[in-house]
Structures are given as C-alpha cells and as structure tokens.
Amino acid sequence: MTNHTQAAGSCEQEASDPSDRRSFLSMLTMALGLSGGYGALALMAARFLYPAKPPARQWMYVAAIGGLEQGGSVLFSAPNGQSISVTRLAEDGVVEDFIALSSICPHLGCKVHWETQNRRFFCPCHNGAFDAAGEAVSGPPADSHQNLARFPLKVENGNLFIEVPLA
Ligand code: FES
C-alpha cells in the first residue's frame with residue numbers, strides 16, 4: 001500500500017510539474033523568435049540579391065519625321081499619364097534632330113514650352129528656363145538643379161518613336 005501511494009503521487013507530480021511546462025513554453029517561444037528573426041534576415045537577403053524590376057517601358061509611335069518642322073513641337077501623352085514635349089531642333093535627317101522632354105516644370109509643375117527664337121524651354125510661372133537639352137539654366141529650377149526629364153527617341157522608316165514607361 002505504501003508503494004502504491006508513492007507511485008500514484010509520483011505520477012501526479014510528473015503530469016503537473018509547472019517547471020516542465022515553463023521550460024517547454026520558453027523553448028517554444030525561443031524557437032518561434034529565432035525562426036522569425038532568420039525569416040526576416042532571409043527576406044532582406046532575397047531583396048538585396050533580387051531587387052525590384054524597373055518599370056516596364058515600350059517604344060511608341062510619335063509622328064512621321066517629315067511632319068515636324070524645325071522649331072515645332074508635338075505633345076505626347078505616355079500611357080502612365082506623363083506629358084512629354086517632342087521638339088525638332090534641327091533638320092540634319094538624324095534622330096539627334098529631335099529631343100523628348102517632360103513638359104512639366106520640375107519646380108512646381110507648370111507647363112514648359114519651346115521658344116525657337118531663344119533656343120530654350122521656358123516656364124512662365126516663375127521664369128524658369130532650360131537649354132535645348134533640358135538642363136535648367138535660370139530661375140528656381142536652376143537654383144535647385146532641377147532639369148527636365150529626358151526620354152529616348154529613335155527613327156525607323158521615316159517615323160519617330162519614343163520609349164516611355166507603361167506604368
Ligand atoms: S513652376 Fe516652373 S519655374 Fe516655378
């Protein structure tokens with residue numbers, strides 16, 4: 001009878017030993033914390049090794065080059081809503097005759113336009129001026145080194161194409 005009582009007491013002690021439960025819970029918490037930490041580290045390493053792709057771009061038709069005379073501009077709307085001014089600066093029969101620049105002033109967003117007589121792009125809002133390559137030369141854009149964004153162009157079979165972002 002004494003042995004039976006001791007055995008029963010031992011079983012009760014094993015089933016409800018609070019120190020065993022505490023150590024199990026602390027090990028579980030530590031395992032979850034470690035796996036979360038290593039998971040975050042693996043995610044950061046993956047982002048470093050495989051950076052986000054640049055936005056998709058596409059060549060789009062602008063105009064027949066014969067239809068744009070020197071000093072003339074056409075306004076082109078990209079699929080992402082950007083407004084781009086394509087201007088003919090020369091008539092040498094090469095793609096360098098043309099330039100495609102954002103028609104939105106980087107200062108506060110007014111519309112810029114090409115002035116043939118001054119050979120510059122001009123923003124009337126605060127007298128911002130840009131040279132033929134879109135580099136800010138006077139006014140607030142020049143003070144803060146804000147140039148007009150430029151877009152690639154190509155000529156194929158007498159037609160002018162522009163490369164623009166899709167989104
Ligand atoms: S918005 Fe163009 S110069 Fe200010």
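How many helices and strands are there in the protein chain? There are 3 helices and 11 strands, where helices (H or I, at least four residues) and strands (E, at least two) are DSSP runs, numbered from the N terminus. In sequence order the pattern reads α-α-β-β-β-β-β-β-β-β-α-β-β-β.

Before the details, the ground rules. This is a predicted model, in which local features need pLDDT of at least 70 and side-chain atom pairs count only at pLDDT 80 or more, while totals for chains, interfaces and linings use all residues. Residues are numbered from 1 along each chain as its sequence is written, and side-chain values use heavy atoms, with hydrogens and water left out.

Some totals next. The protein chain has 167 residues, and 28% of them count as buried. Buried means under 20% relative accessible area, exposed means over 50%, and partly exposed is in between (1.4 Å probe, protein chains only). The accessible surface of the chain is about 11100 Å², with 58% of that belonging to carbon and sulfur atoms; accessible areas come from the Shrake-Rupley method with a 1.4 Å probe, and for residues only the protein chains shown count as cover. Among contacts (heavy atoms within 4.5 Å) with a separation of 6 or more, 45% are between residues 24 or more positions apart.

Now the cysteines. A search of the whole structure gives 1 disulfide, that is, a pair of cysteine sulfur atoms within 2.5 Å. The partners are Cys 110 and Cys 125, with their sulfur atoms 1.9 Å apart. They sit 15 residues apart, Cys 110 in the loop between β4 (98-102) and β5 (113-115), and Cys 125 in the loop between β6 (120-123) and β7 (128-130). The torsion about the S-S bond of Cys 110 and Cys 125 is about -95 degrees, so this disulfide is left-handed. Cys 110 is partly exposed at 22% relative accessible area, and Cys 125 is partly exposed at 38%. Cys 105, by contrast, is buried at 4%, and Cys 123 is buried at 2%.

On to the aromatic residues. The whole structure has 2 aromatic pairs. Rings of Phe, Tyr and Trp (its six-membered ring) pair if their centres lie within 6.5 Å; planes under 30 degrees apart count as stacked, over 60 as edge-to-face and the rest as tilted. Tyr 61 and Phe 161 have ring centres 5.9 Å apart and planes at 75 degrees, so they are edge-to-face. This pair links strand β1 (residues 57-64), which holds Tyr 61, to strand β11 (residues 159-165), which holds Phe 161, across 100 residues. Tyr 61 is partly exposed at 44%, whereas Phe 161 is buried at 17%. Trp 114 and Phe 121 have centres 4.8 Å apart and planes at 55 degrees, so that pair is tilted. Trp 114 is buried at 11%, and Phe 121 at 1%.

Which residues does Thr 87 touch, not counting those up to four places away in sequence? Trp 114 and Phe 121 are on that list, along with Gly 72, Ser 73, Asp 97, Phe 98 and Ile 99. Thr 87 lies in strand β3 (residues 83-88) and is buried at 0% relative accessibility. Its side chain has a polar contact of 2.7 Å with the side chain of Ser 73 and another, of 3.5 Å, with that of Ser 85. A polar contact is a pair of N or O atoms within 3.5 Å; within protein, one must be able to donate a hydrogen and the other to accept it, and residues adjacent in sequence count only if both atoms are side-chain atoms.
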